[in-house]
Amino acid sequence: MITGVVFVVVGAWFMFSLGVSLGISDQGKVDRFGVARIQECHRSPARFWMIHVCQAEVRWDRKALDRPLVTTSVIGSASDLSGEVNVVSYQSAGRYGALQYSIVPVDRPRPLFSFGWWFFFTVVSLIPSYVVGWFAGKGIDRLLPEPEEKPKDWRGVSRRATSGMNGRRKRGRR
């Protein structure tokens, strides 16, 4: 059962990472456009190594409220980026209603299906993940040695004359 839960967690992690790499997300509205000068890129283990996370200096097309015209930002991309890249910033509601901004390349591929369908596929994929984990757990259980049985500790246990007497004394018949 524990392996089933582990497989569900890994399956959910994989499906969420796949959704992000395919560009399926609840986008929000376009905030502003800019040009990013990529400094470094690496694959993100938090996204199952499917997403490239790039540090970049971004020059925006216009100044937004309380945000500068040039910023150092993190850009998520399905492919490795280098040089200068056109980017777009999306504004959406994050946790507890706070504004959240995500920066992605302008020319990223369009998602194959909507956020709702992707979420449905993710939830449905958790059932086979649990079943596969359950069978994997049964296979692992067969490979493990049987636990050694501990000898019984009879100290403090009253002994009966015969089984089934339930505390009655054995008396001679008259």
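The side chains of R32 and D31 pair in a salt bridge, with N and O 3.9 Å apart, where a salt bridge means a side-chain nitrogen of Lys or Arg within 4 Å of a carboxyl oxygen of Asp or Glu. The structure is a predicted model, in which local features need pLDDT of at least 70 and side-chain atom pairs count only at pLDDT 80 or more, while totals for chains, interfaces and linings use all residues. Residues are numbered from 1 along each chain as its sequence is written, and side-chain values use heavy atoms, with hydrogens and water left out.

**Charged pairs**

- Side chains of opposite charge can pair when their charged atoms come close.
- By the salt-bridge rule, the count comes to four.
- R32 and D31 are both buried, a word that stands for under 20% relative accessible area, whereas exposed stands for over 50% and partly exposed for the range in between (1.4 Å probe, protein chains only).
- E57 and R37 also meet through their side chains in a salt bridge, at 3.9 Å from N to O.
- Because E57 lies in strand β2 (residues 52-60) and R37 in strand β1 (residues 29-43), this pair ties together parts that are 20 residues apart in sequence; strands (E, at least two residues) are DSSP runs, numbered from the N terminus.
- E57 is partly exposed, its relative accessible area being 33%, and R37 is likewise partly exposed, at 47% relative accessibility.
- R37 forms a salt bridge with E84 as well, and the closest N and O atoms of that pair are 3.6 Å apart.
- Since R37 belongs to strand β1 and E84 to strand β4 (residues 84-93), the pair ties together parts that are 47 residues apart in sequence.
- E84 is exposed, with a relative accessible area of 55%.

- L81 touches I38, C41, C54, I75 and P105, leaving aside residues up to four places away in sequence, where contact means heavy atoms within 4.5 Å.

Notes
Helices (H or I, at least four residues) and strands (E, at least two) are DSSP runs, numbered from the N terminus.
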